[in-house]
Amino acid sequence: MQTNFTNDQLKDKENKSSETIIRKCVHCGMCNATCPTYNILGDELDGPRGRIYLIKDMLENNKPANKKVAKHIDRCLSCYACMTTCPSGVNYMHLIDHGRNHVEKTYKRPFLSRLIRNGLSYTLPNPNIFKILFLISLIFQPIKFILPKFIRNSLDLMPYKLPSKTLKTQKIYSAETKKIARVALLTGCVQRVISPEINESTIRLLNRHGVEVVVLPEINCCGSLNHHLGKSKLAHESFKKNINLWYEEYLNNGLDAIISNTSGCGTTLKDYGFIFRNDADLKKKAKKISELTKDVTEYLEESLNLKFKKDDKEYKIAYHSPCSMQHGQKVHSQPINLIKQSGNKVFDIPEGHICCGSAGTYNILQQEIAKNLLKDKVKNIEKIAPDFISTGNIGCMTQISSGTNIPIVHTVEIIDWLTGGPKPYKLKNL
Ligand code: SF4
Ligand code: SF4
């Protein structure tokens with residue numbers, strides 16, 4: 001695509017990088033075919049190609065965003081299906097991140113929209129504050145039918161009871177057998193509050209196979225929630241803190257990997273190197289953190305020799321591949337291969353490349369589109385009629401479980417269970 005940035009504009013490194021991305025686009029429109037929002041809304045500006053044009057126009061002409069641009073940029077799920085489809089290798093992820101930042105800096109949203117976005121940005125990345133919000137939500141669950149639709153829909157995404165924790169919070173979880181590796185675990189901000197069993201399964205499984213796990217107590221959020229809300233200042237505060245803390249741990253005590261069991265966060269961690277590519281102080285450290293980051297299933301497949309135990313029953317499992325995992329990190333076969341090693345049948349969900357509608361805070365901010373996507377996802381899952389669903393992202397778990405009674409568990413819970421850990425409580429009736 002031809003661009004018309006001035007030399008002065010290109011002195012800005014973010015503009016320069018976006019210009020390189022835009023020039024790769026040959027405006028063929030193939031990406032529209034797999035874009036969920038284009039398929040639902042049928043508007044060119046709700047597809048990747050249209051959004052590229054909108055971002056190009058704002059950046060080249062130094063234009064502030066307006067209501068129309070913000071609407072179409074906000075409707076993007078950041079699912080990156082377009083990146084998997086694009087034959088020209090357009091890095092839409094970095095471009096939309098730049099576009100969101102520009103919208104956030106130059107467009108004043110209506111009061112209510114600002115209130116909701118600021119509220120999400122403040123509460124979700126902070127586990128202590130989010131826990132309070134979660135407890136309040138439990139009080140309102142039985143009477144939510146009297147609440148406005150927006151709040152009712154948001155409450156539908158929250159669990160109905162407080163989860164019980166079975167592992168004590170500590171910094172170091174020692175290997176149970178001869179230590180073969182040492183990893184850091186990102187326990188996530190929302191995940192640790194509503195589904196602590198995912199981190200517990202991860203720790204148990206790794207410890208049982210000789211891996212020491214370090215959980216740095218100062219690390220709360222990877223920063224991706226604010227990053228995708230376009231709140232770059234807040235996001236960068238989290239990024240910098242995490243990079244410095246993990247790098248120090250890597251230098252002082254050694255780390256073989258940084259494990260993410262939430263694929264949305266893993267995608268951002270793997271992007272720290274790019275985000276700080278122009279920062280003289282952080283560039284080397286950020287690159288190292290990104291190189292060390294592995295999705296838990298990637299790490300299990302590459303680095304451990306898992307010892308599966310045969311269960312009496314063979315289960316039919318539908319595997320939901322989170323967008324951030326399949327399109328963002330290109331991790332798809334690893335979780336499927338691992339579950340297959342346990343002797344169970346695993347099925348890809350039809351139209352599995354299409355988002356379930358979770359997408360960070362999308363199912364709160366864009367409820368109608370998210371519900372549409374959820375309806376299709378559930379319909380496709382039900383075609384398989386699985387005993388249960390496996391996936392690797394807490395956002396997808398909350399979204400999908402709000403639309404079906406088929407139990408959904410994290411892949412690591414299944415692997416933990418089938419290599420000697422406890423059966424996930426959500427599967428107790430199977
Ligand atoms: S598929 Fe790639 S090259 Fe074609 S319009 Fe979409 S982003 Fe541009
Ligand atoms: S990231 Fe997803 S929703 Fe956004 S343009 Fe690409 S395919 Fe469409």
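In these legends, Ala, Val, Leu, Ile, Met, Phe, Trp, Tyr, Cys and Pro count as nonpolar, Asp, Glu, Lys and Arg as charged, and the others, Gly among them, as polar. The model is predicted.

**View 1. The shell around ligand 2.** Ligand 2 is surrounded by 13 residues. Closest to ligand 2 are Cys35, Pro48, Cys76, Cys79 and Cys82. By class, the shell around ligand 2 comprises 10 nonpolar, two polar and one charged residues. At least two residues of this shell come from each of H3, helix H4 (48–60) and H6.

**View 2. The shell around ligand 1.** Around ligand 1 there are 13 residues. The closest are Cys25, Cys28, Cys31, Cys86 and Val90. Eight residues of the shell around ligand 1 are nonpolar, four are polar and one is charged.

**View 3. Packing of H4 against H7.** Helix H7 spans residues 92–106. The axes of H4 and H7 are 10 Å apart, at an angle of about 50 degrees. H4 is therefore oblique to H7. The crossing of H4 past H7 is left-handed. H4 brings Pro48, Arg51, Ile52, Ile55, Met58 and Leu59 to the contact. H7 brings Tyr92, Leu95, Ile96, His98, Gly99 and His102. The contact of H4 with H7 holds eight nonpolar, three polar and one charged residues. Pro48 of H4 takes part in this contact and is also among the residues closest to ligand 2.

**View 4. Where domain 1 touches domain 3.** The protein chain is divided into domain 1 (7–106), domain 2 (172–301) and domain 3 (306–427). Between domain 1 and domain 3, the C-alpha centres are 29 Å apart. Domain 1 gives 13 residues to the contact, and domain 3 gives 13 residues. On the side of domain 1 that touches domain 3, helix H3 (36–41) and helix H6 (81–85) each provide at least two residues. That side of domain 1 has seven nonpolar, four polar and two charged residues. H3 and H6 each supply at least two residues of the shell around ligand 2 as well.

**View 5. Crossing of H18 and H20.** Helix H18 covers residues 296–303 and helix H20 covers residues 333–341. Their axes come within 8 Å and cross at roughly 60 degrees. H18 and H20 are therefore oblique to each other. H18 passes H20 with left-handed geometry. From H18, the contact uses Thr297, Glu298, Leu300 and Glu301. From H20, the contact uses Gln334, Pro335, Asn337 and Leu338. Three residues of the contact of H18 with H20 are nonpolar, three are polar and two are charged.

Notes:
Residues are numbered from 1 along each chain as its sequence is written. Chains are lettered from A and ligands numbered from 1 in the order in which they are written. This is a predicted model: local features need pLDDT of at least 70, side-chain atom pairs count only at pLDDT 80 or more; totals for chains, interfaces and linings use all residues. Domain bounds come from an automatic or database domain assignment. Two residues are in contact if their C-beta atoms, placed from the backbone, lie within 7 Å. Helices (H or I, at least four residues) and strands (E, at least two) are DSSP runs, numbered from the N terminus. Axes are lines fitted to C-alpha atoms, for helices over the stretch in contact, and angles run from 0 to 180 degrees between N-to-C directions. Angles under 35 degrees count as roughly parallel, over 145 as roughly antiparallel, 65 to 115 as roughly perpendicular and the rest as oblique. A crossing is left-handed if the near helix is turned anticlockwise from the far one by less than a right angle, and right-handed if clockwise. A residue is near a molecule or strand if its C-beta atom, placed from the backbone, lies within 6 Å of it.
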